[in-house]
Amino acid sequence: MGGPLRFDGKVVLVTGAGQGLGRQYALQFAERGAAVVVNDLGGSFKGEGQSTRAADTVVEEIRAKGGKAVANYDSVEFGEKLVETAIKEFGRIDIVINNAGILRDKSFARISDLDWDLIHKVHLRGSFSVSRAAWPHMRKNNFGRIIMTTSVAGIFGNFGQANYSAAKMGLVGLSNTLSLEGKKYNITCNAIAPTAGSRLTETVMPPELVAALKPEYVAPLVLYLCHEGTQDTGGLFEVGAGWIAKLRWQRTIGAVCRTSTVPMTPESVRDQWDKITDFSEAIHPVSAAETTHHLIGVLGELDGGTGGGTGGGKQASSKPSQSGGGVDDGINIEAAMAAKIKPTQYVYTPKEAILYALSVGYTTKDADYLKFLYEGAEDFSVVPSFAILASQNSSVGLFSGGIPGINIDITKILHGEQYMELYKPFAPSGTLTSQARIADIVDKGVGALIVIDVETFDEHKEKVAFNQSAIMVVGAGGFKGAKSSEVLKPMMKPPARAPDASIAEKTSVDQAALYRLTGDRNPLHIDPSFAAMGGFKQPILHGMCSFGFATRHVLKTYANNDVSKIKAIKVRFSKPVLPGETIHTDMWKEGKRIYFQCKVAETGVVVLTGAYVDLYEEAGTGEITTKSSNSSMALKSEAIFNAIVEQFKTRKGVAKKINSVFGFEITQDGKTVAEWTADMKTGEGSIYQGGPKSGKADCTIVISDDNFVDLVSGKLNGQQAFMTGKMKLKGNIMLAQKLGELFKDQSKL
Ligand code: NAI
């Protein structure tokens, strides 16, 4: 686990280091190479008087052991002076241990203004003052470690310590916020609630306990947290007697005490009280963002239209951004709308297209899906929703500071809606160029909705797709902008009748792990601790993965898996899907428009709403197009089948030898245009048009009319045809070898 933790070259300021815990920190830091500023006012434990003796004694002790230390006698209320000593003596400040403290215990009714103010001045204001003075130096050095000293009296409350408890809990809040603000600069901040024998505790603890609870049993935690190798921040620890434990918040699942039509009342609160206070299924929230996220979800569910969404990141509250303002964190609308975003390229081969298809649930279990999974398939096709990969590539700069006027972090965004238009099917491989632009920024109150339009072109400069993403930046609303957008593609409500068709499919527990390999690597979808920060019990599925599932369901049901039929797709992401849950898609057909809605079958929660697919041509029946067997007159294969009929008459016993039922699906332009059956299980054998009368073929050959002619005539080798996808086999593929016997005269099957 590495060598000793050293602090050579580091400068540590310990407040209240004249005795007790502070003294122990100072000694241990010095022993491990740090230069220490030993601060102590030297007053009584009630905060009266002052003296240089306390600090001087510790400095002498350190120097006697060969360590580096200097004394400072100022009160922590004047933080600048303490930090000045560090800079003057040692040239820098790396670590601040806010430790100085006093007590003025009184029962609440007897606390005077002075008792209250003094406690707050030393503990809360003192820690603020010293940390603020050190902060710019730490930022400049891109290194800082800060400790706040809180107390179990604050965390749990303690009789007679109302003033002290309040100040100590204030320090936890201060520590939490500094940990967030310091992250960018490698400044960590943690809070400890120590228990140790000292003059502060000798009034309340028996002498044996005071002696036994040594400060040495606390100090090592402080050193560990302040080492440059320790990145932990925002933690709250109890420590004493050598025992250390971390604390965190716990929250019940809670209950919503109103509905969209029934108002919230004290009675509705009473009626939900058991649920509000039931910790049996508690979660551990870690950010204010989670609360915002949750509330937006509640608003979206009850009042509609406030955002919601799941496709992007977790949420965080952020300060509202001002239109045109020079904020260093947020959105500058004019600059964003005027931004010229650099076009991006997306190069893909069948491998990327197949990986995408697998990631949205295409499976070899369904024979119809082979064309999306096998580059050798005669009708190899790229799934239409694949268009998102080139598109998202172009707007990635949005979240990395690459777009002028937009400086938001990924933790503040949600993928709210997605619209996609397709102009021609994707080639099996290619280089796509995408051009993004900010089409609109809408003030949704709870956030800013950024509408991003992306046009994607192929190598021939032909437009292949248009994508529109609506991204909610939580907390950035309220800039008095337009409340709605003219360019945002509207959502559509499905007809008010039972769905015309439905497909339910279970996602895999690894669905998100697979989907992320297509490009969206947001840890929200794979990392449990990251997901927890966003308020999710576990990593959630990408919204665009659910989008892919739903598109596939419509493509299969209403377009016979023909990718050229899909014109446009629109969805709103209303709730997340968890990997492993079942996506249930309900579909309604109205002319060329297929309305759809997805829910999670296990919970009934609606996840995709306002959604539709527009087709280029109206699907005939609203059912999977059935194979036709009536257009074979023009097919060359027909002549071959008719000729083979003769074989059964001339070569007696051939049928018995083969003893199998073969089906033939003859295709043209990727569509099945004729079906034939060669039944060699009954009688002398027969060949006829249509599916097998016996019910099922042992082996079915799927092949185009032309390739079939080449195959039978020997121009095309059977094995090669199979390997290159020109011929597909279903059922017992080994039986195909027996066909050689049937076509013996002409073929090399
Ligand atoms: P201590 O009384 O032994 O040490 C505190 C030191 O702070 C004293 O040397 C005092 O002169 C100095 N000090 C007081 N006001 C100051 C000011 N305005 N400016 C500079 N120095 C000042 O106390 P102990 O027990 O070592 O406590 C250290 C910290 O740990 C305190 O913040 C205390 O509230 C906290 N704490 C201690 C617990 C314990 O069990 N000892 C329990 C919970 C919290």
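Colleague: What should I know about the model before we start?

Modeller: This is a predicted model, where local features need pLDDT of at least 70 and side-chain atom pairs count only at pLDDT 80 or more, while totals for chains, interfaces and linings use all residues. Residues are numbered from 1 along each chain as its sequence is written, and side-chain values use heavy atoms, with hydrogens and water left out.

Colleague: Which residues come nearest to the ligand?

Modeller: Asp 40, Asn 99, Tyr 164, Ala 196 and Ser 198 come nearest, out of 30 residues around the ligand. A residue is near a molecule or strand if one of its heavy atoms lies within 4 Å of it.

Colleague: How do the residues of the shell divide into nonpolar, polar and charged?

Modeller: There are 10 nonpolar, 16 polar and 4 charged residues in the shell around the ligand. Here Ala, Val, Leu, Ile, Met, Phe, Trp, Tyr, Cys and Pro count as nonpolar, Asp, Glu, Lys and Arg as charged, and the others, Gly among them, as polar. Helix H1 (20–31), helix H4 (113–141), helix H6 (162–182) and strand E6 (187–195) each supply at least two residues of that shell. Those labels are DSSP runs numbered from the N terminus: helices (H or I) have at least four residues and strands (E) at least two.

Colleague: Why is helix H14 called largely enclosed?

Modeller: Buried means under 20% relative accessible area, exposed over 50%, and partly exposed in between (1.4 Å probe, protein chains only). In H14 (residues 387–395), 8 of the 9 residues are buried, so the helix is largely enclosed by the rest of the structure. Among them are Ala 387, Ile 388 and Leu 389.

Colleague: Why is Phe 547 called buried, and where does Phe 547 sit?

Modeller: Its relative accessible area is 0%, so Phe 547 counts as buried. Phe 547 belongs to helix H17 (residues 543–558).

Colleague: And why do Lys 461 and Ile 276 get the labels they have?

Modeller: Lys 461 has 71% relative accessibility and therefore counts as exposed; Ile 276 has 22% and counts as partly exposed. Lys 461 lies in the loop between strand E14 (447–457) and strand E15 (463–474), and has a positive phi of about 60° although it is not a glycine. Ile 276 is part of helix H9 (residues 266–276).

Colleague: How do you know that strands E1 and E4 pair?

Modeller: Two strands pair if DSSP finds at least two bridges between them. Strand E1 (residues 11–14) and E4 have 3 bridges and run parallel, so they meet that rule. Val 12 has Ile 95 as its bridge partner in E4, and Leu 13 has Val 96. E4 also runs parallel to strand E5 (residues 144–149), with 4 bridges; there Ile 97 is partnered by Ile 147.

Colleague: What makes both faces of strand E4 covered?

Modeller: In E4 (residues 95–98), Ile 95 and Ile 97 on one side and Val 96 and Asn 98 on the other are all buried.

Colleague: Why is the crossover from E1 to E2 called right-handed?

Modeller: E1 and strand E2 (residues 35–39) pair in the parallel sense over 4 bridges, with Val 38 as the bridge partner of Val 14. The chain crosses from E1 through H1 to E2 in a right-handed β-α-β crossover.

Methods: Right-handed = clockwise from strand over helix to strand, strands pointing away.
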